[in-house]
Amino acid sequence: MALTLRRNRDHDLSTFAAMLPSEEIPLINPNAKVPFDEMEWHRKWLGDQDDVSFYLQDPAGREVGFFALRVGVGPEVRHLTYVYLVEEARGGAAAEVTEHVEQAARDLGASSLTLKVEVDNAPALNAYLSAGYEELSRRQGMATMRLDLEERLAA
């Protein structure tokens, strides 16, 4: 599937809320209220001034995915949060999604990308490992991973 990227300049979360079933909210953010509370997400989860979010669109222009990047340990590091794809867009799209994430981070001036993923989420963990992310640690069921974007460009 050829996905395209749309930066969420208006910080619209209603589109994300419409694509995210209530039962999947705890998988994306175990601390968030169910059902999706747009004000809570604006205030607590995507409210930092430097948070940038994106929608992934299918060839027909429908939003089928969402991800957010926030500033990590410094402005040259972006941290990937809240990656989500609707069910029908899953299966084989991981490499394409990670390419979009990496390009978005580069466009924001990042030289490296970090993320956390649940260790029991084998499809996601394997997708990041296949994309070249290095596993830094495991704590409380989460793997912390990192990708050097500059090294990736040089390769």
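**Close-up views of a predicted model**

**View 1. Asn29 and its surroundings.** A polar atom in the side chain of Asn29 sits 3.0 Å from the backbone nitrogen of Asn31. This is a polar contact, meaning a pair of N or O atoms within 3.5 Å; within protein, one must be able to donate a hydrogen and the other to accept it, and residues adjacent in sequence count only if both atoms are side-chain atoms. This is a predicted model, in which local features need pLDDT of at least 70 and side-chain atom pairs count only at pLDDT 80 or more, while totals for chains, interfaces and linings use all residues. Residues are numbered from 1 along each chain as its sequence is written, and side-chain values use heavy atoms, with hydrogens and water left out. Asn29 belongs to the loop between H2 and H3; helices (H or I, at least four residues) and strands (E, at least two) are DSSP runs, numbered from the N terminus. Is Asn29 buried or exposed? Its relative accessibility is 4%, so Asn29 counts as buried. Here buried means under 20% relative accessible area, exposed over 50%, and partly exposed in between (1.4 Å probe, protein chains only). Neighbours within four places in sequence aside, Asn29 is in contact (heavy atoms within 4.5 Å) with Trp41, Trp45 and Tyr82.

**View 2. Phe16 in the largest nonpolar core.** In soluble globular proteins, nonpolar side chains tend to be buried together. A nonpolar core is a set of buried Ala, Val, Leu, Ile, Met, Phe, Trp, Tyr and Cys residues joined through side-chain atoms within 4.5 Å. The largest one here has 45 residues, and Phe16, Trp41, Leu69 and Tyr133 have the most contacts inside it. Strand S3 (residues 63-71) supplies the largest share of this core, five residues. Which residues does Phe16 contact, leaving aside neighbours within four places in sequence? They are Ile28, Phe36, Trp41, Tyr55, Phe66 and Tyr84.

**View 3. Backbone features to look for.** Most residues other than glycine have a negative phi, and most peptide bonds are trans. Val34 and Pro35 are joined by a cis peptide bond, with omega about 0°. Pro35 is found in the loop between helix H2 (25-28) and helix H3 (38-45). Tyr82, in strand S4 (residues 77-85), has a positive phi near 55°. With a relative accessible area of 12%, Tyr82 is buried. Gln140 also has a positive phi, near 50°, and lies in the loop between strand S6 (134-139) and strand S7 (142-148). Gln140 is exposed, its relative accessible area being 84%.

View 4. Side chains of opposite charge can pair when their charged atoms come close. The structure holds 10 salt bridges, each a side-chain nitrogen of Lys or Arg within 4 Å of a carboxyl oxygen of Asp or Glu. In one of them, Arg62 pairs with Asp58, and the closest N and O atoms are 2.6 Å apart. Arg62 counts as exposed at 53% relative accessibility, whereas Asp58 counts as buried at 6%.

**View 5. A salt-bridge network, and another pair.** Which residues join Glu24 in a network of salt bridges? Glu87 and Arg90 do. The side chains of Glu87 and Arg90 meet at 3.9 Å, N to O. Glu87 is exposed, at 56% relative accessible area, and Arg90 is partly exposed, at 35% relative accessibility. In another salt bridge, Arg146 meets Asp148 at 4.0 Å, N to O.
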